[in-house]
Amino acid sequence: MARVTAGPVPAVAMRSITKRFPGVLANDAVDFDAREGEVHALLGENGAGKSTLASILAGLYRPDEGEVEIYGRRVEFHSPRDAMEAGVSMVHQHFRLAASLTVADNIVLGDRRAGWLRTSPTAIEEKVDALAKRNRMPVNPRARIWQLSVGEQQRVEILKALYRGARILILDEPTSLLTPQEADDLFGTLRHMASEGRTIVFVSHKLDELMAVSDRVTVLRAGRLIGSVDTKETSPRELARMMVGREVVFKQSREPQDLEGREVLLELRGVSADGDLELPAVRGVSLSLHAGEIVGVAGVSGNGQRELAEAITGTRSRTAGEVLVGGRRLRSGDPDHAIARAVAHIPEDRLGTGVSPSLSVADNLILKSHRRPPIATRGVLRHDRIAASAKDLMHRFAIAAPGPDTPTRLLSGGNVQKVVLARELSSGPRVIVAANPTRGLDVGATEAVRALLLKAAAAGVGILLISEDLDEIMALADRIAVVYEGRLVGVLPRAEADVQHVGLMMAGSSP
Amino acid sequence: MRIERRLTTPRWLVVAVPAASLVAALAAVGGVLLVAGKDPMSTYARLLDRGFLAPGALTSTLVTATPLLLTGLAAAAAFRMRLWNIGAEGQLYLGAVGASGVGLALHGRPAVVSIAGMILGGALAGAAYAIVPGLLRAYFNTNEIITTLMLNYVAGLFITYLIFDSQSYWRDLSTFSSRVFPQGKLLPGDALWPTFNLELTVVPFCFVIELVAAAMLWLYYGSTSLGFEARVLGDSPSAARYAGIKTRRVVVTMMGLSGALAGLGGASEIGDFRHVLDPRGLQQLGLGYAGIVVAALARYNPFAVAIVAVLLGGLTNAGYALQGPEFPSGLVGVLQGMILFFALGGELLLRYRITFGMRQAAPPQGLAVAAPGAAHHR
């Protein structure tokens, strides 16, 4: 991309930024420009490299190659503080505030100008108050952080950045924790700040919100720059295509299934559940899954997929609705009941939830069967049987580990996932709920995991494949259910689904 | 110098680090002794002699180590699954109350019945007292460190009340002097626990029970479904929930188990040693808190708890025996503190690796834009 030669110097100019992490090329020669006074959205799927790029701009990471210019001057940030002193500040998805301190304290916390002694708290509070009023972000400077709502806490983060003189503000997925009303307020604030000449970099994967707030959009996919477009001249459809990519339809690795007369193994009737912040995350989802069928649940991350998986398998309580397995009701919030009814779960968080990280591979293979014969008889573990089953499963599922006694956290992501799959598939499941089963895995491990799921489906297991990877869903699923903001937007047979159409549904439009 | 997290801990380090910590502590205290004008080597030789080698020394060391071993096991059982029960102190008092109550009530029964009743009474009382904070933790997510600590004071006041401020069943009211100077009822003869006279030493009855308890705790964690659940819950609560483990039940069970061990410590203090509920004596010793030290030094391994308890017991006894004008009375305390200090410091070496090397030089022209501001602030 040519350098800007005419017109004003861009506020941010990043040139062929390359950043590698072990085994991943997060950014591959990416160019990025943002002008003064604009809201510039950075769009991409999970793992597309947008957070990495933003973190490089904010001084959290250093690029392996490429250079960064701020207002036309070359900079090299060694820390977020360097970036802050150059006028670049980042508001993270998860706030970095001290909960027991006041708003004013948090804003001056770590600011070297504040000095060691708190000379005059009232003066600071007045300054903070004036800043808040000028930027239309009402917040009481004397309130303590824990008393504030999530939206208010976010305002404090933004004020903190402004207080330190940020001219360029990066917001990473700023609406992920907000209610729609709070998000609207935030958009108003962002527009106002841009009108004052600030530059806002808005990292998001939600099409509707960046259509509403941004002036320009830069799209990344798989670490590469796809392009930058003016928001006015584009449409959600085009952005979805740029984000999701491929015009090509993948080769189908699965024959169309005839579902006539097959048993319904899993039935969801109006399932609702709250998220971690006790806001509704899953809203009245009804869906059925037949023997031998793979139903893919597609959606942009954070639209209730994780909560849906947990509400089915009992690790999260339902607020309404029923889950039936083979026609019999599953108790809400009782994982053991789901296990007893042969519902296997491949959780999204494989190392913290799918396995107990410090325990050995052998122990993790009996994580769910440790109370039942043959692994335990009258409450006593049978070490001989545990060892034999570990040896067998490690062989059958090609788990590469130094030995069955190796702590599971030392294994690679692919091998950890194989431990989870070995345990879940060997338990004789009728239904498998798999959440992002290949996320973060390399090509080989991804293939192995998908092959195992296909094999299970061929053996008559019903699989609910919840995935943010549309490729994966298009390749594996017989039917595709799309969720948006916790609701089921529609269910399509795979034959009738094309990527762009599904992409639009993922952005909230009806089928 | 950089500190990096170790992914694995070599086996030899697990033994080498505590041993090196002990040597370092002895060396550091040696320095203190030199400054004080004492000869470190002869002081240590005397400690070793009075703690373990002199006639009768090992016996009194085992007597001291006995309740320490149980409170150590109590702490190790709970800490191993990151349940911070620091209430062994109070649970031990309640165990002493339970055991002495049963011992008094079973007066005239055969010794076997009496002793078994005392063991059971002590363990149950300790368990019941620990289950209270266990339930609070499981159902209301209260911080068990605070609740167990507070309950220690409650238990201390309770046993004081039983003997000093009431005419309770435990108080001796039979003579005039005991009515004026309050004291507990002495246990009947058949409630005194036997000892095993070996050639070298006399082993208290409860010491044997404890070795059994240590082995059972080891088996519990390694070879039972319940122990497995405790290990999973200690390592990753979300994995435990995912695996269908009833996490509340595990928390309450483990608190009960930990409390039972501490309560057994109280029972042994009554049955083996005091034969009377003695609030002042019990509270002076601080056996419950010492148990935390024992568990930490033993890295929560039940067998190591036994070894550490005997070592610390010997050190304490030698300190008592040697106290006098020749021997600084605070020395043993200093030495114990130093050993703990070095041992916990040594933990760092088990979990982290320290490497020395030159830091990579930063590129010179960094901070081009920030320079004026940076110069101002630095």
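User: In which helix of chain B is Thr147(B) found?

Analyst: The model is predicted, so local features need pLDDT of at least 70, side-chain atom pairs count only at pLDDT 80 or more, and totals for chains, interfaces and linings use all residues. Residues are numbered from 1 along each chain as its sequence is written, while chains are lettered from A and ligands numbered from 1 in the order in which they are written. Helices are DSSP runs of H or I with at least four residues, strands are runs of E with at least two, and both are numbered from the N terminus. The run of residues 144-164 in chain B contains Thr147(B), and this is helix H6.

User: Is Thr147(B) buried, partly exposed or exposed?

Analyst: A residue is buried if 20 or more other C-beta atoms, placed from the backbone, lie within 10 Å of its own, exposed if 12 or fewer do, and partly exposed in between. Because Thr147(B) has 19 other C-beta atoms within 10 Å, this residue is partly exposed.

User: Which residues does Thr147(B) touch, not counting residues up to four places away in sequence?

Analyst: Two residues are in contact if their C-beta atoms, placed from the backbone, lie within 7 Å. With residues up to four places away in sequence not counted, Thr147(B) touches Pro133(B), Leu136(B) and Thr142(B).

User: How many helices and strands does chain B have, and what percentage of the chain is buried?

Analyst: Chain B has 16 helices and 4 strands. Of the 378 residues in chain B, the buried share is 47%.
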